[in-house]
Amino acid sequence: MRLSVIGCGYLGAVHAACMATLGHDVVGIDVDVEKIAALNAGIPPFFEPGFPEILREALDSGRLSFSSTMASAAGAEVHFLAVGTPQSVEGDGADLSYVFGATRELLPHLSAGNVLVGKSTVPVGTAEALQEILDEAETGATVAWNPEFLREGFAVGDTLHPDRIVYGLAAGERGQRAKAQLDAVYASPLADGTPLIPTDFATAELVKVAANAFLATKISFINAMSEIADVVGADVTDLADAIGHDNRIGRRFLNAGVGFGGGCLPKDIRAFATRADELGVGSSLNFLREVDSINLRQRERVAALALAQLGTDPTGKRAVVLGLAFKPNSDDMRDSPALDVALRLHDAGVNVVSVDPAAVPRAQQLHPQLTTTTDINAALTDAEVVVLATEWPEFVQLDPTAIHARVKTPTIIDARNALAPSDWREAGWTYIGLGRP
């Protein structure tokens with residue numbers, strides 16, 4: 001099929017390349033001319049394992065191209081809308097200006113029978129509003145909603161081999177036609193047995209935000225338990241193991257630490273709570289505000305632990321923060337807890353050096369006040385406290401004995417609870433975890 005993908009950020013670029021890999025002819029469209037030029041040259045604008053290879057293969061096949069002109073979407077049968085929905089500058093709600101702006105710009109290039117497929121995470125009611133715009137313009141096109149569930153660091157695999165596919169469809173014949181076209185788009189994963197959940201617009205829109213809200217709640221719950229564990233002397237990791245054996249709870253996402261970040265969970269739970277207020281059911285999601293509060297408190301907690309190790313006057317003392325990206329295998333620093341901790345320490349007068357294998361170039365552009373490097377050993381020299389803030393394998397696998405002599409004060413704050421405390425203590429380090437004795 002001929003497809004267009006509108007918006008070539010993290011979600012859109014990966015989706016476009018993967019759809020070409022599945023055999024479709026795809027054009028990716030974005031207003032950022034430099035980004036489009038880089039993508040056409042096979043240069044990813046972000047770090048994602050496996051993406052450079054699949055991008056190059058798709059370009060070489062002739063099935064993938066990128067354009068900065070919306071007219072390039074003409075002739076496509078299915079148009080995927082993958083533009084950003086950032087948090088509004090005026091509050092906690094989602095900024096839908098890119099969604100509606102891209103849709104209106106696409107109108108002249110739509111044909112009867114086309115399907116506009118939403119991939120972006122949006123408040124419930126957005127798909128219906130977009131369908132009204134298409135109908136008022138008499139395009140003959142249909143809206144469908146197909147939320148994404150990819151994880152940064154695993155995006156290519158999650159797109160090609162999803163754990164489920166959700167369609168939000170209009171009622172009646174219009175929805176049936178859209179389903180048939182989406183079935184053709186996803187013929188390969190569906191043939192592999194991927195579960196398909198066809199539903200209505202509202203449910204499909206709620207699926208993604210509900211999933212993110214649940215995950216955020218689970219993470220904040222175990223972080224709240226870590227605060228209690230610190231007071232009573234319990235071990236939150238053992239606690240998580242014990243309750244995680246209950247298959248009603250499960251062990252995944254029960255890792256206490258500095259908390260969640262990225263471009264999805266923080267903004268999505270805020271937008272979800274705001275939309276509930278707009279719908280008159282705000283009390284149903286009041287707990288999400290506490291989830292957000294617990295998460296942000298973890299960052300304050302880690303920064304405070306580091307400052308406490310540096311004494312009453314931390315000015316000029318050397319701290320190393322291992323991590324800038326919000327998670328390993330990514331250079332995404334949006335709402336990153338690691339970056340937040342580094343900035344808090346910098347603002348307190350600490351001589352902070354942040355280390356990250358992938359995010360340094362972006363950090364140097366966005367936060368030039370920070371000292372950043374990819375060289376772990378150089379960063380650790382004369383450090384008075386080390387904070388593990390992003391659990392990159394090269395950080396988790398550090399040999400505490402080998403680096404002991406390099407630092408000035410062997411103190412490590414394990415803000416991801418990813419290290420073995422006994423190994424570090426036996427090597428002569430002061431080990432501080434979150435909710436771990």
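Predicted model: local features only at pLDDT ≥ 70, side-chain atom pairs only at ≥ 80, totals over all residues.
Close-up 1. Residues are numbered from 1 along each chain as its sequence is written, and side-chain values use heavy atoms, with hydrogens and water left out. Helices (H or I, at least four residues) and strands (E, at least two) are DSSP runs, numbered from the N terminus.

The axes of H4 (residues 97-106) and H5 (residues 126-136) come within 11 Å and cross at roughly 25°. That makes H4 roughly parallel to H5, a label for angles under 35 degrees. Here the axes are lines fitted to C-alpha atoms over the stretch in contact, and angles run from 0 to 180 degrees between N-to-C directions.

**Close-up 2. Here are the residues where H4 meets H5.** On the H4 side look for Val99, Phe100, Thr103 and Arg104; on the H5 side, for Thr126, Ala129, Leu130, Ile133 and Leu134. Contact means heavy atoms within 4.5 Å. The residues of this contact divide into six nonpolar, two polar and one charged.

**Close-up 3. Strands E9 and E10 run parallel.** Five bridges join E9 (residues 318-322) to E10; two strands pair if DSSP finds at least two bridges between them. Leu322 stands opposite Val355 in E10. Four of the five residues of E10 (residues 351-355) are buried, so this strand is largely enclosed by the rest of the structure. Buried means under 20% relative accessible area, exposed over 50%, and partly exposed in between (1.4 Å probe, protein chains only).

**Close-up 4. Phe253 has a positive phi, near 65°, in a residue other than glycine.** You can find Phe253 in the loop between helix H10 (236-244) and helix H11 (265-278). Its relative accessibility is 34%, so Phe253 counts as partly exposed.

**Close-up 5. Asn329 is not a glycine, yet its phi is positive, at about 65°.** Asn329 sits in the loop between E9 and helix H13 (337-347). At 26% relative accessibility, this residue counts as partly exposed.

**Close-up 6. Asp414 is buried, with a relative accessible area of 0%.** Asp414 belongs to strand E13 (residues 411-414). Its C-alpha atom is separated by 5.1 Å from that of Leu388, 26 residues apart along the chain. Leaving aside neighbours within four places in sequence, Asp414 has contacts that include Leu388, Tyr431 and Arg436.

Note on methods. Parallel < 35°, antiparallel > 145°, perpendicular 65-115°, else oblique. Nonpolar A, V, L, I, M, F, W, Y, C, P; charged D, E, K, R; others polar.
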